[in-house]
Amino acid sequence: MENNAFYVALSLLLNFDAPLYQIVALSLQVSLFAVLIAAVLGFPLGAAVALWRFRGRGGVIVVLNALMGLPPVVAGLVVYLLLSRAGPLGEWGLLFTPGAMVIAQVVLVLPILAALSRQKVEEMLDEYRDQFVSLGMSRARMMPTLLWDARFALLTVLLAGFGRASAEVGAVMMVGGNIAGVTRVMTTSIVLETGKGNLPLALGLGIVLLTLVMLINAGAYLVGEFSRRRTG
Amino acid sequence: MNKTLNLVLAGVTSLGLAFSAHAEDYITLASTTSTENSGLFDSILPKFKADTGIDVRVVAVGTGQAFEIARRGDADSLLVHDTAGEKRFVENGYASERAGVMYNDFVLIGPADDPANISEADSAAEAFAAIAKAEAPFASRGDDSGTNRAELRLWKSAGIEPSGDWYRELGSGMGATLNTAAAMDAYVMSDRATWVAFKNPQNLELLYSGDKAMFNQYGSLLLSEEKHPDLKHDLARQWHNWLISKDGQQAIADFKVDGQQLFFPNAK
């Protein structure tokens, strides 16, 4: 039985394994915080690119789209070099802390939120354009309206960002260091247990992670459906 | 939307707590995957904390990367296993002091049927030569770790430049390399601690060990105060001194997996 990953996953969850809960909590904190920061920066950025016409706009869109595919380990390396004591932001002393992991995940998630919200807002703008023109609205005024009316689509975008953040391992491993009790999250634990040859435990942790992501998605779906029905 | 907002706010608040909860004394130690994967730190760090109140945050990487982390000033202390590299590190001024802490040995692992017949070898050089002659698959760390550096020295002492299809450089940590070797029935050199603690051996067995050339010494380094004045040198010195103290040495000797001692203290 101990060699069955589902059994391991279940017993981890049911026995309230304290280190596991700490790891799960940190994974959630880091990824949710990163997605929140990325949303605060990324949604207005995406909407701005959708609304304004400026030189090099095509280039910005291509770069944002391309950065959606930024390999996590590259993001990790860049953030590592920035936060290293020998790097430009070394004085912050953030390397090998949860803060560094948040920054690395923001770098990964921001392009996804900006690029996808740019697309959604642009679609919505086409729909609303005549109305906006008849109201004589400025672009800056359009932005909150468009973002609010695109909120259900943006919720899905947010989930895509959260998925990217909670699933990646290369960046958090490099800038967090997988320190037990400090920067160890679900994905880095899975790498560690695999390295120990503890494959059932590694897979068990994987199942726990998947269950968690599933719950968050289900929660977001329900919230979305509920408010959609209320607002009609 | 309120629910999500609350959840996010809860996340933010608790992250703030997570930051402040660790305001106590701690040092960051750059060390090797072999010490971490074997479980040594889980065993000795609580004893050090009980003695001094200092938390040690271990970043476990290959020895090459550990040197790089320390060179950049991203760790307060260093515990690695590449004596030649450690001495160079001191000579180059990145570390002010080095002390031998403990040792174990490297072992040669391979498929149980032992196609290169290394279990009969009389020396490490002979075993390595037999693997090369049989062109039996060999999984090398290939990551500039202490184990990788030791392996390359052993090939050299056998007079062999390993290359060809049978020699596979994986660029992975010790555990990942053992997993891969198990999957492709390859020979592999491991430190004894990681091997004994490893739980996925499949068809692999310990086939050769015991040559003095496969001695594996671990050393602790105090980093240069001149190069990195901002590091926690006082706390790092307490850690360094504890490792080579009677208590620290005893804690290392007390660490056992399945009743087997994996690290042997030898501080002078």
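Biologist: How many helices and strands does chain B have?
Modeller: Chain B has 11 helices and 12 strands. Keep in mind that this is a predicted model.

Biologist: What does chain B span along its principal axes?
Modeller: The C-alpha trace of chain B spans about 60 × 55 × 35 Å.

Biologist: And what share of chain B is buried?
Modeller: Of its 268 residues, 47% are buried.

Biologist: Which domains is chain B divided into?
Modeller: Domain 1 is 2-104 + 217-265, and domain 2 is 106-214. Taken over C-alpha atoms, their centres are separated by 28 Å.

Biologist: How many residues of each domain are in contact with the other?
Modeller: In chain B, 19 residues of domain 1 are in contact with 15 residues of domain 2. On the domain 1 side, helix H2 (33-38) and helix H4 (63-71) of chain B are the elements that give two or more residues.

Biologist: What classes of residue make up that domain 1 side?
Modeller: By class, the side of domain 1 of chain B that touches domain 2 has 13 polar, five nonpolar and one charged residues.

Biologist: Switching to strands. Is E1 of chain B enclosed or open?
Modeller: Strand E1 (residues 26-32) of chain B is largely enclosed by the rest of the structure, because six of its seven residues are buried.

Biologist: Which way does E1(B) pair with E2 of chain B, parallel or antiparallel?
Modeller: E1(B) pairs with strand E2 (residues 55-61) of chain B in the parallel sense, over seven bridges. In one of the pairs, B:Thr28 has B:Arg57 in E2(B) as its bridge partner.

Biologist: How many bridges join E1(B) to E3?
Modeller: Three bridges join E1(B) to strand E3 (residues 77-80) of chain B, and these two strands run parallel. Here B:Ala30 has B:Leu78 in E3(B) as its bridge partner.

Biologist: Now chain A. How many of its residues are in contact with chain B?
Modeller: 25 residues of chain A are in contact with 31 residues of chain B. Helix H2 (18-51), helix H5 (98-135), helix H9 (186-195) and helix H10 (199-231) of chain A each supply at least two residues of that chain A side. H2(A) gives the most, with six residues.

Biologist: How do the residues on that side divide by class?
Modeller: The side of chain A that touches chain B divides into 14 nonpolar, nine polar and two charged residues.

Biologist: Which parts of chain A does UniProt annotate as transmembrane region?
Modeller: The unreviewed UniProt entry gives that annotation to residues 20-52, 59-83, 95-116 and 201-223 of chain A. In the model, residues 20-52 of chain A are 97% helix and 0% strand, with end C-alpha atoms 47 Å apart. Residues 201-223 of chain A are 100% helix and 0% strand, and their end C-alpha atoms lie 33 Å apart.

Biologist: Last topic, the largest nonpolar core. Which residues touch the most other members?
Modeller: A:Ala104 and A:Val175 do, in a core of 139 residues. H2(A) supplies the largest share of this core, 17 residues.

Biologist: Why does this core lie between the two domains of chain B?
Modeller: It lies between them because domain 1 and domain 2 of chain B both give residues to this core.

Biologist: Back to A:Ala104. What is it in contact with, leaving aside neighbours within four places in sequence?
Modeller: A:Ala104 is in contact with A:Ala75, A:Gly76, A:Val79, A:Ala171, A:Val172 and A:Val175, leaving those neighbours aside.

Conventions
Residues numbered from 1 in each chain as written. Chains lettered and ligands numbered in written order. Predicted model: local features only at pLDDT ≥ 70, side-chain atom pairs only at ≥ 80, totals over all residues. Contact = placed C-beta atoms within 7 Å. Helix = DSSP H or I, 4+ residues; strand = E, 2+ residues; numbered from the N terminus. Nonpolar A, V, L, I, M, F, W, Y, C, P; charged D, E, K, R; others polar. Buried ≥ 20, exposed ≤ 12 C-beta atoms within 10 Å, placed from the backbone. Core = buried A, V, L, I, M, F, W, Y, C linked by C-beta atoms within 7 Å. Domains from an automatic or database assignment. UniProt positions renumbered as here; feature names shortened; annotations may be inferred. Pairing = 2+ DSSP bridges.
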